[in-house]
Amino acid sequence: MFNFLLAPVLILVGSFFDIKKVKFIMPLLAALMFVPLYFSFGKGDIGFFDNLFILDNLARYILLTSVVVGICIALAMISLDKHVKIDEKAYKNFYRFFALFWIGLTVSILSNSMGIYWIGLEMATLSTVYMIKTNSTAFAHKEAWNYMIVGAIAISLILFGIILIYASAKPYLGEDAIKFSVLLSNVNFIKQRYMFELGFAFVAVGMFVKMGFFPMNLWLANIERASFYPVAALFSGILESAIMIGFFRFSLIAKEINYSHLIGFSVLYSLLTLFVVSFLLYRVKDFMRLFSLSGIEHMAIISIFWISGAHFAALLHFGAHAFLKPALFISTGVLESGGKYHIAGALRGYVTLKGRIFAFTVGALMLSIISLPPSPMFFSELYGFGGMIELAKTSHHMLLMLGAITLLLLFLSIIFYKFIEVYQSMKYEGIEKEKKVYLSETISIVVLMFSAMVLLLPQVFLFLKSIG
Amino acid sequence: MIDFFIGLFLANLIVSLFTTRLHMLILWYALNSLSLGIAALLIGQNLQDNPMILTGVVTIILKGFVLPYILKYLSKKFDLKRQIAPNIKIPYTIILVPAVIVFTFYLSEPIIGGMGSHQNYVAISIAAMFLSLILMLEHKNIAPKIIGFLSMENALFLLGISATDGMPMLVELGIFFDLLMAIVVINLLFRKEEIQNV
């Protein structure tokens with residue numbers, strides 16, 4: 001268990017040394033997380049500390065995506081001071097809180113206890129607050145406080161829900177009722193189903209707030225806008241991963257309690273979010289908000305797929321999003337070098353080889369995120385819609401599923417149109433002005449793009465199907 | 001005796017909604033935490049639950065004394081505004097508070113139906129959570145918002161000890177750890193020149 005915390009702990013220790021030198025070895029330290037993960041593959045479910053922590057295939061997959069993203073963000077952070085104004089103290093603190101953030105999320109991802117899951121999530125939330133603040137503008141300061149307050153409310157709602165769920169099961173299962181695995185295998189023993197469902201509703205709403213679902217969509221976009229771009233990449237690549245694994249685990253239990261309530265609530269809430277987000281996306285004028293709102297869109301899609309029983313599609317979509325979106329956020333450091341609202345010509349003016357690689361990769365990322373083949377998202381959506389149609393055929397949720405598919409297609413087409421418009425503007429409009437790209441960020445986004453394409457390997461498909 | 005301290009817990013929270021001075025608000029938070037800690041001690045003693053007694057002791061020390069002291073220290077260090085007039089006028093709050101409490105008892109009826117003991121405490125903890133939210137909403141300044149957040153954490157602690165007869169010890173300690181980390185982050189966030197603008 002502690003092997004998995006070694007990498008972030010070393011980053012934390014490293015942040016106390018001369019950051020200008022140490023920052024180059026941070027990606028290597030982050031890569032140490034691969035070692036225990038690699039040796040755990042093929043060993044089935046591994047429990048630690050009386051099964052309070054568990055490394056099953058779902059945790060392995062989410063941890064693997066977060067490790068890749070963590071390494072790439074550590075790489076991209078090497079050139080952070082070239083793009084933004086940051087003093088050495090803030091730079092050090094950024095690494096320090098990045099490490100704490102990663103420790104919190106690793107604890108959450110590996111946790112089999114609802115309580116410990118919450119503790120990890122809270123730790124990550126608090127660490128993020130200071131990472132937002134490293135940008136020393138008044139706007140970032142205000143948004144850091146906003147994140148602190150709203151994040152605290154969201155996390156409190158989750159804890160409130162966890163207490164209710166635990167209270168509903170403890171009389172029958174004892175103290176083990178805090179464990180996801182025990183709850184899932186003993187759902188039939190829970191007699192106070194109303195209390196459980198109420199608890200789940202609170203947990204889901206708390207998680208939806210943290211994922212930026214309606215009505216908190218602008219809140220998340222503002223925070224990502226206010227902070228330095230690696231923070232937004234961390235949000236989309238690692239924080240949302242930890243929230244998602246919680247949502248996956250909680251919803252599997254809620255599914256056994258009352259599937260109709262779960263599917264009705266989650267699908268309608270996600271569709272409402274997609275409705276709002278698609279129109280907001282249509283109006284955005286800067287990259288950060290574009291990617292931020294698109295992140296909310298993908299979280300809603302993953303939720304719908306998972307709840308509809310298309311687990312494989314949800315996991316594939318999740319993995320693809322976890323790689324593609326941080327890459328896009330990292331690229332904003334370069335794309336916005338001419339100013340926040342300079343979308344036109346953002347892909348022009350890269351004359352060097354690494355510049356050309358950068359421009360090509362960003363173009364590919366823009367098209368991948370809207371699910372153009374061969375993006376993994378194209379396949380995940382195909383499988384996801386297939387799963388929804390299968391559910392429509394075999395259950396009494398036909399109307400809901402068909403309605404959801406129709407609305408999803410409608411909202412996705414609006415988003416598709418906007419991204420294509422932005423892509424064309426980036427490539428063909430504006431004036432050509434030479435731009436500088438650094439090696440670290442180019443490697444970072446290329447690795448993330450490559451990782452997304454690895455998801456299409458048959459072995460990965462088989463692995464994901466074994467989770468679902 | 002437990003009823004008395006739970007009553008005191010709620011009363012302190014209600015009074016804090018009407019407070020217009022920051023240091024008094026910190027005092028009400030300290031008393032709120034102190035009564036909660038003593039209630040946890042007594043419940044733990046009744047249930048012969050040693051982890052809950054330990055949690056009660058930690059609550060008294062940490063939330064009853066250490067956190068209020070740190071908050072007061074920070075308010076002086078950063079010269080926070082002492083006058084914290086709430087946005088909601090006091091006569092309206094007087095109507096709002098009982099309405100929230102009555103509504104909460106009505107709302108929690110289906111939940112507490114299945115519980116053996118401490119039914120009213122569950123309703124009070126949910127009411128306390130709503131009142132803490134009001135405390136966060138009714139102030140523009142950041143300091144009362146932080147106290148609202150800490151009070152909300154107290155409400156959740158009461159829910160934990162009353163609805164579940166205590167969460168597992170490890171979880172409780174983790175929550176305390178997070179609370180300390182929250183204070184560290186709050187300290188880092190405060191900056192003299194920017195506080196008035198938030």
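User: How do you know what share of the 198 residues of chain B is buried?

Analyst: In this predicted model, a residue is called buried if 20 or more other C-beta atoms, placed from the backbone, lie within 10 Å of its own, exposed if 12 or fewer do, and partly exposed in between; by that count, 47% of the 198 residues of chain B are buried. Residues are numbered from 1 along each chain as its sequence is written, and chains are lettered from A in the order in which they are written. Local features need pLDDT of at least 70 and side-chain atom pairs count only at pLDDT 80 or more, whereas totals for chains, interfaces and linings use all residues.

User: What makes chain B as compact as a globular protein of that length?

Analyst: The radius of gyration, taken over C-alpha atoms, is set against the globule rule, 2.2 Å times the number of residues to the power 0.38; the rule gives 16 Å for 198 residues and chain B has 17 Å, which is close, so chain B is as compact as a globular protein of that length. Its C-alpha trace spans about 50 × 35 × 25 Å along the principal axes.

User: How many helices and strands does chain B have?

Analyst: Helices (H or I, at least four residues) and strands (E, at least two) are DSSP runs, numbered from the N terminus, and chain B has nine helices and zero strands.
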